[in-house]
Amino acid sequence: MDIGLVYSREDPRQAKVRDFVINYIRERGILAKVTESVEPVNSPTLIINGRILKDMRSKPRQKRAPMFPDKEDMARALDQHAWEL
């Protein structure tokens, strides 16, 4: 599986997303090539086998909520791609 992750290291919430993705892959033994791109972005983007998972909201779910996919969305996408192979 090819995984791309675009995130900003300056935003601690995005760094947590990065750590979540890396740990999720390791803990489940998913064979994946991970390519990280550190860029000044407002929202992280997860790319799995060429398919992009990113939040398309224009307003947050609640006050001061992050504007990117939650961990459950990312976990679901990673699992779906891992089991498709």
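Tutor: A salt bridge is a side-chain nitrogen of Lys or Arg within 4 Å of a carboxyl oxygen of Asp or Glu. This is a predicted model, in which local features need pLDDT of at least 70, side-chain atom pairs count only at pLDDT 80 or more, and totals for chains, interfaces and linings use all residues. Residues are numbered from 1 along each chain as its sequence is written, and side-chain values use heavy atoms, with hydrogens and water left out.

Student: How many salt bridges does the count come to by this rule?

Tutor: The count is 4 salt bridges.

Student: Which residue forms a salt bridge with Glu27?

Tutor: Glu27 pairs with Arg28, and the closest N and O atoms are 3.6 Å apart.

Student: Is Glu27 buried or exposed?

Tutor: Glu27 is exposed, at a relative accessible area of 63%. Here buried means under 20% relative accessible area, exposed over 50%, and partly exposed in between (1.4 Å probe, protein chains only). Arg28 counts as partly exposed at 45%.

Student: Now to Arg13: what does its side chain meet in a salt bridge?

Tutor: The partner is Asp11, at 3.4 Å from N to O. Asp11 counts as buried because its relative accessibility is 15%, whereas Arg13, at 41%, counts as partly exposed.
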